[in-house]
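Work through these exercises with the structure open beside you. Try each task before you read its solution.

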Amino acid sequence: MVTHALLAAALTLSSAPAAASASTSAAVEASAEARVDCARVKCLALTFDDGPGAQTPALLKTLRKANAKATFFLVGKRVEELPKIARQTLAEGHAIGDHTYSHQSLRALLDEEISQEIRVGRDAIQQATGYRPTMFRPPYGHTDDRVLRIADEAGMSQIMWTGTTLDWSLRDARKITATVLKLARRDGVILMHDTVPATVKAMPGILKELKKQGYHLVTVPTLARGGGKALEPGVSYP
């Protein structure tokens, strides 16, 4: 359970120049990405859970070289440990969302505990980056009407996926590559983990092949806009 002390600490928001700079850079990048119209072109959203981690900077470098954007669902405890990487992720124009504070299965928790996991995770991200996320992804995909209602009360949209690589169990770059290419489809949302070294290793080849197939690699908000669906609190997407 998230303690009241942690809750109070997370509610103290950062005003550091680095956080403000990250938010400004993200706004510029987001404006550029907004020119991609997924109603007209073939788009795909790659999403990464459980970070930030030691492998995340290498993944960010790969995405930057490929001029690709992705969406990262960050765990609050890890953001507190690696705030600089969280800021870098945002500053490089990627979308970030809340993956709770301590990555527990929410369906097993009481309402108050679910609310704390979501809100404290969000506040840890805001404290580190200066950005207040409005997207939420439930750990393990464990959700139901009760979890969605509590996310709504926290002002969060719920982001799921159209396909998962299960990269945490594959742990092989070639198998992960093959799985991503099999799952790829227009307007798809693919789940991966930037904490899996094999996923990060596979990513240059994955990006090269997806671009060869004509995909524009965009964030979840950009993908949703192209489909005419707003990411509103209490709404589960896709």
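**Exercise 1. Decide whether Cys 38 is buried or exposed, then do the like for its partner in the disulfide**.

Solution. The model is a predicted one.

Step 1. Take the cut-off: a residue is buried when its relative accessible area is under 20%.

Step 2. Cys 38 has a relative accessibility of 3%, so Cys 38 counts as buried.

Step 3. Find the partner. Cys 38 is joined to Cys 43 by a disulfide, with 2.2 Å from S to S. Such a link is a covalent bond between the sulfur atoms of two cysteines.

Step 4. Cys 43 has a relative accessible area of 0%, so Cys 43 is buried.

Step 5. Read the handedness. The angle about the S-S bond is -85°, and the link of Cys 38 and Cys 43 is left-handed. The structure holds 1 disulfide.

**Exercise 2. Find which residues of helix α3 are buried, and explain why they line one face**.

Solution. 

Step 1. Locate the helix. α3 covers residues 56–65.

Step 2. List its buried residues: Thr 56, Leu 59, Leu 60, Thr 62 and Leu 63.

Step 3. Look down the axis of α3. The buried residues fall within an arc of 160°, so they line one face of the helix.

Step 4. Recall the general rule. An α-helix has 3.6 residues a turn, so residues three or four places apart point the same way.

Step 5. Ask what the buried residues of α3 pack against. Their partners are strands β1 (43–51) and β2 (71–74), along with helices α5 (83–91) and α10 (197–212).

**Exercise 3. Work out what surrounds the side chain of Asp 50, and whether the nearest opposite charge is within or beyond salt-bridge range**.

Solution. 

Step 1. Asp 50 is in strand β1, and Asp 50 is buried.

Step 2. The nearest side chain of opposite charge is Arg 78, 4.8 Å away. A salt bridge needs the atoms within 4 Å. Asp 50 has no salt bridge.

Step 3. Look for a polar contact. The side chain of Asp 50 makes one with the side chain of His 99, at 3.1 Å.

Step 4. Collect the contacts, leaving aside neighbours within four places in sequence. Asp 50 touches Phe 73, Val 75, Arg 78, His 99, His 103, His 193 and Thr 195.

**Exercise 4. State how many helices and strands the protein has, and what share of its residues is buried**.

Solution. 

Step 1. Count the elements: 11 helices and 9 strands.

Step 2. Take the burial: 50% of the 238 residues count as buried.

Conventions: Residues numbered from 1 in each chain as written. Predicted model: local features only at pLDDT ≥ 70, side-chain atom pairs only at ≥ 80, totals over all residues. Heavy atoms only, no water. Buried < 20%, exposed > 50% of the residue type's maximum accessible area, 1.4 Å probe, protein only. Helix = DSSP H or I, 4+ residues; strand = E, 2+ residues; numbered from the N terminus. Arc of directions from axis to C-beta. Contact = heavy atoms within 4.5 Å. Lys, Arg positive; Asp, Glu negative; His and termini not counted. Polar contact = N/O pair within 3.5 Å; in protein donor to acceptor, adjacent residues only side chain to side chain. Disulfide = S-S within 2.5 Å.
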